[in-house]
Amino acid sequence: MKTPKVRARSANPLRYKLGFPLVLLCCTFFFLVGFYGSNSLSKEEKHVVIDPVTNEKLVFEHGRTGDSSVTDIPFQVLSWKPRALLYPNFASKEQCEAIIKLARTRLAPSGLALRKGESEATTKEIRTSSGTFLRASEDKTQSLAEVEEKMARATMIPRQNGEAFNVLRYNPGQKYDCHYDVFDPAEYGPQPSQRMASFLLYLSDVEEGGETMFPFENFQNMNTGYNYKDCIGLKVKPRQGDALLFYSMHPNGTFDKTALHGSCPVIKGEKWVATKWIRNTDKF
Ligand SMILES: *[C@@H]1O[C@H](CO)[C@@H](O)[C@H](O)[C@H]1NC(C)=O
């Protein structure tokens with residue numbers, strides 16, 4: 001009884017020929033669906049907003065370059081003068097740690113853009129952190145790319161307007177005296193492009209100190225002979241995963257004098273931060 005059955009099978013050569021490639025094709029298909037499916041899931045679905053009435057994903061008609069659903073990126077306005085907002089838990093612990101791990105191997109003393117008459121020797125006490133510039137493409141874990149993409153969506157400023165990430169480490173005693181991120185043409189010469197906004201992602205908690213400070217917030221301390229080393233005004237305490245965005249220019253393109261900022265000295269612990277300067281042009 002067995003033999004005829006086997007014969008009957010092998011009598012159909014097409015079956016055997018197609019079998020293996022077909023299985024392979026199916027596997028490839030489902031692998032790709034799963035792979036890309038889970039990829040887009042991790043990017044967008046995580047912060048999907050559910051409509052409380054229909055209990056379904058909240059979706060609006062959107063253009064070809066738009067998102068496929070409503071996403072949720074919470075923020076708190078910290079100040080209007082300067083325009084500063086905090087995005088709690090913007091990045092995950094895993095993303096932060098992957099970025100630190102990559103940056104740690106490349107740290108070098110941080111530099112400064114010099115004004116006329118300044119030298120590295122005369123300015124070396126202003127910014128004492130160590131750092132490195134990293135492009136999203138240099139991060140095999142994709143953490144920087146994910147952060148960059150989310151940042152562009154949260155700010156609606158295209159990714160191309162951002163400089164490479166400047167990842168910094170501040171040890172106890174290290175700080176960055178107050179300064180502006182825009183380059184005043186009166187001091188630095190003509191500027192084809194400006195740093196209109198700054199995005200800081202805190203990669204670590206800091207036990208004590210290391211706050212980002214805005215001493216001129218709401219025009220306070222402005223005409224009182226402020227010493228650029230004093231840690232006063234609005235202070236933002238670093239917390240792993242939180243992000244801070246602030247604008248250095250008004251909507252009309254002039255500089256916002258209240259956007260003066262700096263990093264208070266770390267007192268206890270270690271501060272890691274990834275900074276991205278956002279330009280008002282996509283070529284710079
Ligand atoms: C630009 O905007 C700022 C803030 O609203 C305002 O204080 C300033 O006078 C404006 N400057 C010009 C030239 O319009």
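## A covered strand to start from

Strand β7 is mostly covered, as eight of its eight residues are buried. A residue is called buried if 20 or more other C-beta atoms lie within 10 Å of its own, exposed if 12 or fewer do, and partly exposed in between, with the C-beta atoms placed from the backbone. Strands here are DSSP runs of E with at least two residues, helices are runs of H or I with at least four, and both are numbered from the N terminus.

Before going further, please keep in mind that this is a predicted model: local features need pLDDT of at least 70, side-chain atom pairs count only at pLDDT 80 or more, and totals for chains, interfaces and linings use all residues. Residues are numbered from 1 along each chain as its sequence is written.

## The sheet around β7

Which strands make up the sheet, and in what order? It is an open sheet of eight strands, ordered β1-β2-β11-β7-β14-β5-β4-β3, with antiparallel pairing. At the edges stand β1 (76-80) and β3 (108-109), each with a single partner strand, so one side of each has no neighbour in the sheet. Two strands count as paired if DSSP finds at least two bridges between them. Strands of a sheet pair through backbone hydrogen bonds, either parallel or antiparallel.

Let us follow the pairings of β7. Seven bridges link β7 to β14, and the two run antiparallel; F199, for example, has K276 of β14 as its bridge partner. β7 is also joined to β11 by five bridges, again antiparallel, and here S198 is partnered with F246 in β11.

Next comes β5, another mostly covered strand, with five of its six residues buried. Five bridges connect β5 to the antiparallel β14, where W272 is the bridge partner of R169. Strand β4 (residues 130-134) is joined to β5 (residues 165-170) by five bridges, and these strands run antiparallel as well. In that pairing, F133 meets N166 of β5 as its bridge partner.

## Two helices across the strands

Helix α3 (residues 93-104) lies across β4, β5 and β14 (271-279), and runs at about 105° to β4. Helix α5 (residues 143-155) lies across β2 (83-87), β4, β5, β7 (195-202), β11 (243-247) and β14, and runs at about 130° to β7. Axes are lines fitted to C-alpha atoms, for helices over the stretch in contact, and angles run from 0 to 180 degrees between N-to-C directions.

How do the two helices meet, and at what angle do their axes cross? The axes of α3 and α5 come within 9 Å and cross at roughly 120°. The two helices are therefore oblique to each other; angles under 35 degrees count as roughly parallel, over 145 as roughly antiparallel, 65 to 115 as roughly perpendicular and the rest as oblique. The residues making the contact are Q95, A98 and I99 of α3 with S143, L144, E146 and V147 of α5. Two residues are in contact if their C-beta atoms, placed from the backbone, lie within 7 Å. By class, this contact has four nonpolar, two polar and one charged residues. Ala, Val, Leu, Ile, Met, Phe, Trp, Tyr, Cys and Pro count as nonpolar, Asp, Glu, Lys and Arg as charged, and the others, Gly among them, as polar.

## A look at V266

V266 lies in strand β13 (residues 266-268). Is V266 buried or exposed? It counts as buried, because V266 has 23 C-beta neighbours inside 10 Å.

V266 and Q174 are 92 residues apart in sequence, yet 5.9 Å apart in space, C-alpha to C-alpha. Setting aside neighbours within four places in sequence, the contacts of V266 are Y170, N171, P172, G173, Q174, V206, G209, G210 and K271.

## Backbone details in the loops

Most residues other than glycine have a negative phi, and most peptide bonds are trans. K81 and P82 are joined by a cis peptide bond, with omega about 5°, and P82 is found in the loop between β1 and β2.

N89, in the loop between β2 and α3, has a positive phi near 50° although this residue is not glycine. N89 is partly exposed, with 13 other C-beta atoms within 10 Å. M156 sits in the loop between α5 and β5 and has a positive phi near 60°, also as a residue other than glycine. With 6 C-beta neighbours inside 10 Å, M156 counts as exposed.
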